[in-house]
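Here's a quick tour of one protein model, meant to be read with the structure open beside you. Take a look at the picture and then work through the points below.

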Amino acid sequence: MFPETSKGYTYEDCKATADWLMAQTNIRPTVGIVCGSGLGGLADILKDQVAFNYKDIPNFPQSTVHGHAGRLVFGTLKGRPCVCMQGRFHLYEGYSIQKITLPMRIFKLLGVETVMLTNAAGGLNQDFKVGDIMIIKDHLNMPGFAGNNPLAGPNDERFGVRFPCMSDAYDRELQQLAMDVGQELGYGDFLREGVYCVLGGPSFETVAECRMLHRLGADAVGMSTVYEVIVARHCGMRVFALSLITNQAVMDYDSEEKANHEEVLETGKQREQQVERLVSTMVTRIEPSQLDYYF
Ligand SMILES: O=P(O)(O)O[C@H]1O[C@H](CO)[C@@H](O)[C@H]1O
Ligand SMILES: Nc1nc2[nH]cnc2c(=O)[nH]1
């Protein structure tokens, strides 16, 4: 009933999944949220929850990474209908790039207008500290340089154009809103902005790789988000994204530090509440179908 093509899914496949979800719940989300590693508690901000395990959703991949629960949660936030991915998919899990980005197209077909993505990332910027929240203003798509782009293959114009613009990928008004809300909440000391660089993973970076990425203009490095951003922008959704700096990228051969997933999850646990408040306050100030936000 839900066939998988060699390259990914057709428009009709995505629609079948969206229709299946809409038949199970009356919630029609305008905001879609993606929880990064260790940030799954973000879904708890939703009231009147209707949740689905990924394994029960037609066409959906399964979460295989510790810290990604694998549930799609519908609910409301101060009356605003939202949907939240409690767990995302990564290239290194062995899924195709089309498969890991499929939920963005399903978001679109559900009626989502704004996507808010979170991730855990290693800090390359020497001014950043563990626990900082970095508002993403731009990205470096390293796998993309080698042709690994979720839009490669036939283009279906019902989703978007063949050659989508990416110079405006990260919505500037939403970045400003995040800054304003962060200041109001007293997060000024650990709120940053910067460029996120995606690599394939799952191995963490060598010292030489971290030094190179830093010189190339990256402030943080991770293994996700960028592909979702490209697909979300292709189909016309507004995008906001943030990185929680969960560890310092190792830039020095004398350093005793070693990147590890346990530290990533632990930092997530420590900052989860602040990330939750930032995202939830932003959501309550985003007006559906309107470019401006209000105070
Ligand atoms: O990007 P998210 O999903 O937050 O996860 C990040 O944390 C994991 C490594 O600890 C990698 O999957 C990396 O991408
Ligand atoms: N590639 C990469 N991903 C991460 N996710 C969380 N921390 C890191 C990191 O240091 N490097």
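Two residues are in contact if their C-beta atoms, placed from the backbone, lie within 7 Å. With that in mind, N247 touches G122, V130, A259, E263, V264 and T267, leaving out residues up to four places away in sequence. Keep in mind that this is a predicted model.

**The annotated spot**
- In the unreviewed UniProt entry, the annotation "binding site" covers E205 and N247.
- These two span 43 residues in sequence, yet no two of their C-alpha atoms are more than 12.1 Å apart, so they gather at one spot.
- You'll find N247 in strand β9, which runs over residues 238-248.
- Is N247 buried or exposed? N247 has 20 other C-beta atoms within 10 Å, so N247 is buried, given that 20 or more is what it takes to count as buried.
- E205, for its part, sits in the loop between β7 (191-198) and α5 (207-215).
- E205 counts as buried because it has 20 C-beta neighbours inside 10 Å.
- Skip the neighbours within four places in sequence, and E205 is in contact with L199, C210, V221 and A249.

**Around ligand 1**
- Which residues come nearest to ligand 1? Out of the 13 residues around the ligand, they are G36, S37, N119, M223 and S224.
- Sorted by class, the shell around ligand 1 has 8 polar, 4 nonpolar and 1 charged residues.
- Strand β5 (114-123) and helix α7 (261-284) each supply at least two residues of that shell.

**The nonpolar core**
- The largest nonpolar core has 84 residues, and I33, C84, V115, A178 and V221 have the most contacts inside it.
- Helix α2 (residues 97-110) gives the most to this core, with 7 residues.
- Zoom in on V115 and you'll see that V115 touches G32, M104, F107, A232, M237 and V239, not counting residues up to four places away in sequence.

**A proline to look up**
- P81 belongs to strand β4, residues 80-86.
- P81 is buried, with 21 other C-beta atoms within 10 Å.
- Setting aside residues up to four places away in sequence, P81 touches I27, R28, P29, T30 and T76.
- How far apart are the C-alpha atoms of P81 and P61? They are separated by 24 Å, with the two prolines 20 residues apart along the chain.

Conventions. Residues are numbered from 1 along each chain as its sequence is written. Chains are lettered from A and ligands numbered from 1 in the order in which they are written. This is a predicted model: local features need pLDDT of at least 70, side-chain atom pairs count only at pLDDT 80 or more; totals for chains, interfaces and linings use all residues. A residue is near a molecule or strand if its C-beta atom, placed from the backbone, lies within 6 Å of it. Helices (H or I, at least four residues) and strands (E, at least two) are DSSP runs, numbered from the N terminus. Ala, Val, Leu, Ile, Met, Phe, Trp, Tyr, Cys and Pro count as nonpolar, Asp, Glu, Lys and Arg as charged, and the others, Gly among them, as polar. UniProt positions are given in the numbering used here, feature names are shortened, and annotations may be inferred rather than shown by experiment. A residue is buried if 20 or more other C-beta atoms lie within 10 Å of its own, exposed if 12 or fewer, and partly exposed in between; C-beta atoms are placed from the backbone. A nonpolar core is a set of buried Ala, Val, Leu, Ile, Met, Phe, Trp, Tyr and Cys residues joined through C-beta atoms within 7 Å.
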